[in-house]
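Please work through each task before reading its solution.

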Amino acid sequence: MSADQHKEPCYVDARRLLCPLPVIRAQDAVAKLSTGDRLVVTSTDPGAKADIPAWCRINGHEVLDIVEQDNEIIITVQVNHEQ
Amino acid sequence: MKQQRKAVALISGGLDSMLAVKVIQEQGIHVEGINFFTGFCVEGHTHAVRKKHQDKQKRNNALWVAEQLGIKLHIVDVVEEYKDILLNPAHGYGKNVNPCLDCKTFMVKKAVQWIKEHNFDFIITGEVVGQRPMSQRRETMPVVAKESGGNDLLVRPLSAKQLPETLPEREGWLDREKLYDFSGRTRKPQMALAAKFGFKDYAQPAGGCCMLTDENYAIKLQDMWHNRPSRDYELDDIIMLKMGRHFRLAPHLKLIIGREEGENRFMQGYKNQFMSIYPTSHPGALCLVDGEFKSDEERDQALALVARYSQGKNDPQVKLVIRQSTGEEQEYSISPMLPDDINKDWLI
């Protein structure tokens, strides 16, 4: 476990937003975070399940967790700017 | 050591921009993608809201294309800036409310700004001479290059041999002979090139990737403009134009009635922005009220119409609640509207 995992994650509320806005909100938040920081995005667009992981893959960030509950999709991302 | 040249590509998610990137990558150029979100982009899973479309692929095509090509994609929110392009297009509209020429110029201009900020060398697009009636004509493609400030930094790899030589070609960063001379509306050359590159799965949306080229959407947008004091709009306005059935009962009153469960669920999120109506005695559609009731008759007309879209449509009475955006609720009982009483002119 890295020390960064003890740091409070950054939360992004992307509920009610349709694609690609959840990705844009995640992208803009990640730009302000450092490698090792975590981002938690909450979305109601089912497309976010595919798009946020796709955005993470092409930009080198890691999806730690995807949880679906009460029509919400909660995606946790670990930021990696080192590539 | 030879300097690694870098290009940014306008990525729509369609085949042409995908091919344009691949052609340039083949020449050893580092390419990254940029995708502009105007609010009017057609995306497969905008329709994911609707349950009937749930068998369709739920992916953002621009992201998918970037991943296939192994490039980074920068998605830029231009919703606010884009309003001026849509409301005041210097070159006018196309067949619907599509300001294609101004739109392309705007996007290339944004890309020019982006390459300066990120130290990239040039811009590529998937444009093809003669492919589209407004922005991709032989006469208008130089207009885009000039008015955007892209000038000879703007490379269209699929039609490069039909166009004047660009700086990357003159400087030897690109071999003009390895670029293409596609023109016209036929898609055959693109399909052949896709096959050559081994691309089997790609999006080819009819009419491009913009809702503004869609006739039904354009009618709803024009109705909104016509019935408001100003043509200005917010993102929520243009999203709502994609949702539900729209009934214009009066200039000051429009009903948006959900077509199915997915839309009803999505529209629930707008209950604190709009007055809403929903049946309580029977399952049925959620209605958002854009405007106000100026009389009890208008209110009852709206209630009866919403009752028509409930499972109580054949019952003598349906109970419904009118909920104000502030949360106050009042219940009513009404006879559902008969099909013959629905004025065909109401449906936008």
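Two strands pair if DSSP finds at least two bridges between them; strands (E, at least two residues) and helices (H or I, at least four) are DSSP runs, numbered from the N terminus. The model is predicted: local features need pLDDT of at least 70, side-chain atom pairs count only at pLDDT 80 or more, and totals for chains, interfaces and linings use all residues. Residues are numbered from 1 along each chain as its sequence is written, and chains are lettered from A and ligands numbered from 1 in the order in which they are written.

**Exercise 1.** Determine the strand order of the open sheet in chain B and identify its edges.

*Solution.* 
- Step 1: The open sheet has 6 strands in the order 6-7-9-8-10-11 (chain B), and the pairing is antiparallel.
- Step 2: Strand 6 (245-250) and strand 11 (329-334) of chain B each have a single partner strand, so they stand at the edges, with one side of each left without a neighbour in the sheet.

**Exercise 2.** Describe how strand 6 of chain B is joined to strand 7 of chain B.

*Solution.* 
- Step 1: The two strands run antiparallel, and 5 bridges join strand 6 of chain B to strand 7 (residues 253-257) of chain B.
- Step 2: B:Ala250 has B:Leu253, in strand 7 of chain B, as its bridge partner.

**Exercise 3.** State which residues of helix 4 of chain B meet helix 5 of chain B.

*Solution.* 
- Step 1: Contact requires C-beta atoms, placed from the backbone, within 7 Å.
- Step 2: From helix 4 of chain B, B:Leu101, B:Lys104, B:Thr105, B:Val108, B:Lys109 and B:Val112 meet B:Val143, B:Val144, B:Glu147 and B:Ser148 of helix 5 of chain B.

Definitions and conventions:
Two residues are in contact if their C-beta atoms, placed from the backbone, lie within 7 Å.
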